[in-house]
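Have the sequence to hand as you go.

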Amino acid sequence: MNTLISQSTAWAALTQHQQQLAHTKIRDLFSQDKQRFERFSVTAAGLFLDYSKNRLTTETLNLLQQLAEEAKLKEWIIHLFRGDKVNNTEQRAALHTALRNRANTPILVDGQDVMPQINQVFQRLQVFTEAVRNQQWRGHTGKSINTIVNIGIGGSDLGPAMVIRALKRYQSPNLTNYFVSNVDSTHLSQILAQINPETTLFIVASKTFTTQETLLNARSARRWLIEQLGSEQAVAQHFVAVSTATQKVVDFGIDPANMFEFWDWVGGRYSLWSAIGLPIMLAIGKEHFEELLSGAYELDQHFQTASFSHNLPVLLGLIEIWYVNFFNASTQAILPYDFSLELFPAYLQQLCMESLGKRVTREGQPVDYATGPIVWGAPGNNGQHAFYQLLHQGSHLVPADILIALHSQYPLSGHQEAVLSNALAQAHTLMQGRNAVETESVLRDLGGQGESLKQSVAHRTFPGNQPSNIILYSTLSPKTLGALIALYEHKVFVESVCWGLNPFDQWGVELGKQVANSLLPVLSGENRDIAHDPSTDGLIRYIQQHR
């Protein structure tokens with residue numbers, strides 16, 4: 001069994017080094033080094049990273065890079081891009097990077113080049129997309145399509161929904177997009193009440209075509225369509241599938257010619273680059289979808305070739321490890337000062353927490369250190385009037401990534417300057433704070449004195465020293481968004497390698513599905529047997545009595 005990374009030389013050195021920096025103020029690090037901003041900032045793939053507002057020094061970075069080297073990060077990056085079975089618990093490659101391989105260089109899985117398959121499916125997606133967008137695809141009554149409803153969950157929902165929301169500026173004005181994921185019938189019913197069955201296309205996204213939530217919603221939508229249009233034959237013109245389960249798709253009533261495949265080496269939360277991205281391509285068109293892929297490819301190239309000291313994903317991953325394992329930070333805030341990235345924090349919750357929420361290594365050995373932090377966040381200005389109070393004066397260490405567009409997708413006079421001033425002010429204040437002496441001076445200038453002044457000082461002092469990474473980009477174009485998503489994908493991979501985790505399985509999710517499937521017959525009245533824990537059994541009896 002491999003030795004845990006916590007037993008490495010670099011880990012021990014970092015533990016000792018943290019004790020030296022434990023009480024260091026970031027503001028003092030700037031005072032000591034006038035070139036700190038220049039030395040602790042990097043540019044790649046249209047993204048500018050300023051990581052100078054962190055509790056770290058050059059020695060910290062050197063030790064973190066040593067940790068990455070001891071974890072053999074360079075070798076693991078090669079394994080990932082080469083198509084090796086880095087998902088060891090499922091004996092699969094994790095080749096989402098092949099889906100955006102714009103150079104089209106051969107990539108082998110089990111000795112077979114996967115690029116011809118990828119290109120073939122991509123061409124089919126393009127043909128279908130153009131038919132819908134050019135109003136050549138007709139529904140059962142002969143009308144063209146103007147509404148797309150994607151039915152999926154997890155990676156089949158969060159990724160496409162986030163991208164379409166982020167790139168609304170680039171969408172066809174002739175198409176409206178909806179996403180259904182929740183089995184609460186409210187979600188589907190509210191959407192069905194708004195759409196016209198004659199002009200709606202449903203995309204059912206499920207690799208196995210057995211996902212409980214997706215199939216329940218899909219069957220209900222199918223039933224609604226048939227009731228509205230009066231014929232089961234309508235299903236073929238109004239439903240397409242993203243799946244690999246041909247027979248199940250045919251049994252549903254979907255023409256297999258309208259089934260778009262992806263592969264077992266595409267994980268759900270890494271799948272928006274695949275046929276799962278069909279609603280994205282329909283919304284923004286194939287040219288802009290290709291730009292999305294190109295941005296990710298450019299970041300992929302950077303990740304593979306840049307030195308650790310100038311590598312954006314490596315730096316972000318190592319900095320997060322620094323806080324999680326050596327400062328006991330249990331959370332990471334994602335604060336986009338770009339309203340188009342409204343869904344980005346939720347997308348990153350799945351990407352990061354499903355990938356890094358593990359307590360054993362690839363070999364099954366329990367870890368003795370913290371792994372993935374809790375990821376959360378909201379668009380910046382909204383968050384300032386919600387949870388920033390905790391960031392500024394609360395008792396938790398909360399590292400933050402602050403994402404800022406220099407230019408809005410929808411420019412209005414004076415607005416972007418206000419966005420930029422708020423973003424920079426928050427990053428500055430989180431780091432700088434305001435100590436008691438400074439606060440008292442400010443209050444005295446405002447006329448404060450005596451006992452009331454002393455009481456006010458305590459309430460109006462800000463400890464500061466909250467770290468943040470600033471990620472700047474010109475405007476949120478498809479290419480920039482592709483690079484941004486790939487940046488976080490690779491950041492997660494860096495952390496997984498250093499922690500010794502497999503980031504590509506999700507057995508915790510699978511267990512929940514299994515238990516839900518066992519409970520469904522009981523709650524549906526098909527099976528009266530109850531054999532769970534006493535609390536669950538009691539809840540089942542209560543539900544049965546009161547429904």
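The structure holds zero disulfides, a disulfide being a pair of cysteine sulfur atoms within 2.5 Å. This is a predicted model, in which local features need pLDDT of at least 70, side-chain atom pairs count only at pLDDT 80 or more, and totals for chains, interfaces and linings use all residues. Residues are numbered from 1 along each chain as its sequence is written, and side-chain values use heavy atoms, with hydrogens and water left out.

**Cysteines**
- A disulfide is a covalent bond between the sulfur atoms of two cysteines.
- For C352, the closest cysteine sulfur is that of C498, and at 15 Å it is too far for a bond.
- C352 counts as buried at 7% relative accessibility; buried means under 20% relative accessible area, exposed over 50% and partly exposed in between, with a 1.4 Å probe and protein chains only.
- C498 is also buried, with a relative accessible area of 2%.

**The sheet**
- Five strands form an open sheet in the order β6-β5-β7-β8-β9, with parallel pairing; two strands pair if DSSP finds at least two bridges between them.
- Its edge strands are β6 (176-180) and β9 (259-260), each pairing on one side only.
- Helices (H or I, at least four residues) and strands (E, at least two) are DSSP runs, numbered from the N terminus.
- Helix α8 (residues 185-192) packs on the sheet and touches β5, β6 and β7, with its direction at about 160° to that of β6; contact means heavy atoms within 4.5 Å.
- Helix α9 (residues 212-229) also packs on the sheet, touching β5, β6, β7 and β8, and its direction makes about 155° with that of β7.
- For these angles, axes are lines fitted to C-alpha atoms, for helices over the stretch in contact, and angles run from 0 to 180 degrees between N-to-C directions.

**Strand β7**
- Six of the six residues of β7 (residues 200-205) are buried, so this strand is largely enclosed by the rest of the structure.
- T200, F202 and V204 point one way, while L201, I203 and A205 point the other way.
- With β5 (residues 147-151), β7 pairs in the parallel sense over five bridges, and T200 is the bridge partner of T147.
- Four bridges join β7 to the parallel strand β8 (residues 239-242); here F202 stands opposite F239 and I203 opposite V240.

**Helix α20**
- In α20 (residues 478-499), 21 of the 22 residues are buried, so the helix is largely enclosed by the rest of the structure.
- Just after α20, G500 takes a positive phi of about 75°.

Methods: The expected span of a helix is 1.5 Å times one less than its number of residues.
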